[in-house]
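Hi,

Here is the structure I promised to send over. Have a look, and my notes on its aromatic rings follow below.

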Amino acid sequence: MNKKILGLVFLMIFLFIAGCGSKEVEDKVPVKEEKLAVNPFSPATDCSFCHNQFYNEWRGTMHNLAFTDPFYAKMAEVASRETEGLTDKYCANCHIPIGVHTGQVPPVDGSGADTISLEGVSCDFCHAVEGAKGIGNGSFIVNPGGAKYGNLADADSPMHKTVYVELFKKAEFCGMCHSVSHPTNGLPLETTYEEWKNGPYAKEGIVCQDCHMTPTPGVKKPNPGKVARQGRERNHIYTHTFVGGNFWITEIMGAKEVAKLARERLQAAAKVEIVNVTKQGGMTKIKVRVSNVGAGHYLPTGLTESRQLWLEVTAYDGNGREVYSSGKLDQDGMLPEGTVIYHTEVVDESGQVTEKFWRATKILKDYRIPPKGYREEEFTIPNSSGSVIVKLNYRSANQAFLDELFGERKYTVPYLTIAQTRKKY
Ligand code: HEC
Ligand code: HEC
Ligand code: HEC
Ligand code: HEC
Ligand code: HEC
């Protein structure tokens, strides 16, 4: 059976090279056959027969889609243009690491990449990591083509050598990529690892894997099962869903199950409460508390100049007529002035707020909710009795920015209410 799989793989590689070769001649693009032929990494389908459960979980995750993600692709293209190629390898190193390792990327559009690279952050990339040079900006050390590195000291596989590497069990493994700083000025742009490291979960010894490699939100230990079809029953296994908050791109790319898990994960992350109501001179003041109850880092985290988590507050009088509203999207999908938004703002050299983070020179604002922490906001409603609904909404990006990148309404970014509460006053 091993031979059968290998045979198939060689056939696929051969067909692929043959296909690419002829296409490249047509397009008059320099031939890259040599590079394609020596890709030392394996496609995920080489692992899927034995590790079928993990394969099914990983397919369609943001790791798998890290390069084909249209939001990433557009941003990488614009960054490359604006920086005259300075960001090409920098971005690709985390989003299509096999492409960079094999010299297939740049070009940033992936025209030189084979199907193995295009799988993004894949099985054989992560399991070729033998160590790390440090934290952030893709600081991994990879050694492909031989043993599979992993977390099991007692693994026994008929297919490949296995090597135990302690790093796999640590948050520092994720920190190699989930910590992004500016390529030239060093400004910290994505700080998920650092937020975790300085927060309460690190102190309790709860790592990224405990929350993101589990079947359900929160920590689930033990989660018994098998790590390979012919492996033994184990007391605890790590699922490979890597669920975050992205139900937008996953849905667009047809990964409905991952999108569903992302919605579920988001809804387990936060809580909103009305903690105080005071009345004065015909007005009602409500105090709202937003708590981060489920995320091991700030809420939101990651690409926080683009992500938007905001409060939508609507009050009604006794007849059900709306008397107050804050944070309601307008017809164009924009948030009104004065909306309470949890996110970050960075500015470029001229002091202009930008979501093109390669232009960032300074962090202007960081208004988010720390792990196990909360923030409180006040809203003044212009009447003295009625009812109020408070919703906490999340979306992956600001609509105005997507319109600027892609043209108006090419993408309408969906939002989700992740927590809500209501009260009579
Ligand atoms: C012919 C079946 C088979 C194929 C194909 C296969 N594996 Fe495995 N693999 C196993 C078995 C069996 C184990 C050990 C299971 C156990 O001990 O419970 C294992 C263990 C592992 C481990 C754990 C290693 C450790 O020390 O923690 C990793 C990682 C791994 N495989 C990755 C891969 C990757 C990546 C691929 C594809 C490139 C792959 N495997 C292909 C059968 C296979
Ligand atoms: C983003 C990196 C990443 C990707 C992609 C990835 N893995 Fe893993 N894998 C890990 C980490 C980290 C662990 C160990 C988790 C721990 O011990 O905390 C692991 C554990 C494993 C194990 C041992 C399982 C266990 O429960 O002990 C196997 C087998 C494995 N992976 C195979 C695969 C296969 C097959 C794929 C592709 C379908 C894959 N991995 C994709 C990071 C990755
Ligand atoms: C080789 C770099 C790399 C490593 C190592 C890595 N990631 Fe990722 N991860 C990425 C990239 C790139 C994305 C985003 C892809 C995109 O959105 O286009 C991502 C996305 C994610 C997401 C989905 C975010 C969302 O918005 O839905 C989660 C969750 C995640 N990673 C968790 C982890 C965990 C946990 C680990 C460690 C076990 C880890 N990652 C290791 C590169 C990496
Ligand atoms: C206590 C559980 C927990 C721990 C620990 C944890 N996370 Fe998360 N993470 C969550 C939850 C819940 C969400 C969904 C809410 C959100 O998007 O922030 C999330 C979201 C994410 C996202 C998507 C953020 C977005 O909105 O784009 C990424 C990426 C991520 N986590 C990576 C990591 C990494 C890397 C670590 C370790 C350094 C880690 N997480 C530790 C629970 C956890
Ligand atoms: C050190 C690794 C690393 C580097 C370098 C990096 N990224 Fe990312 N990128 C990530 C991770 C991890 C995420 C996921 C965070 C999250 O979900 O919020 C991400 C998310 C994104 C997203 C969000 C995708 C979505 O669907 O929501 C875009 C867009 C993006 N990156 C573009 C870029 C561009 C453009 C560059 C280069 C200028 C770049 N990245 C450089 C690791 C990296």
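Are tyrosine 55 and tryptophan 58 buried or exposed? Tyrosine 55 is buried, and tryptophan 58 is too (buried means under 20% relative accessible area, exposed over 50%, partly exposed in between, with a 1.4 Å probe and protein chains only).

Before the rest, some housekeeping: this is a predicted model, where local features need pLDDT of at least 70, side-chain atom pairs count only at pLDDT 80 or more, and totals for chains, interfaces and linings use all residues. Residues are numbered from 1 along each chain as its sequence is written, chains are lettered from A and ligands numbered from 1 in the order in which they are written, and side-chain values use heavy atoms, leaving out hydrogens and water.

Searching the whole structure turns up twelve aromatic pairs (rings of Phe, Tyr and Trp, the last by its six-membered ring, with centres within 6.5 Å; planes under 30 degrees apart are stacked, over 60 edge-to-face, the rest tilted). Tyrosine 55 and tryptophan 58 make a tilted pair, because their ring centres are 6.2 Å apart and their planes at 40°. Phenylalanine 67 and tyrosine 72 are also paired and tilted, at 6.0 Å centre to centre and 55° between planes. Phenylalanine 67 has 8% relative accessibility, so it counts as buried; tyrosine 72 has 10%, so it does as well. There is also a cluster, with ring pairs linking Phe71, Trp248, Phe406 and Tyr411.

Last, the charges over rings (NZ of Lys or CZ of Arg within 6 Å of the ring centre and within 35 degrees of the ring normal). Arginine 289 has its charged end over the ring of tyrosine 374, 4.2 Å from the centre.

Cheers
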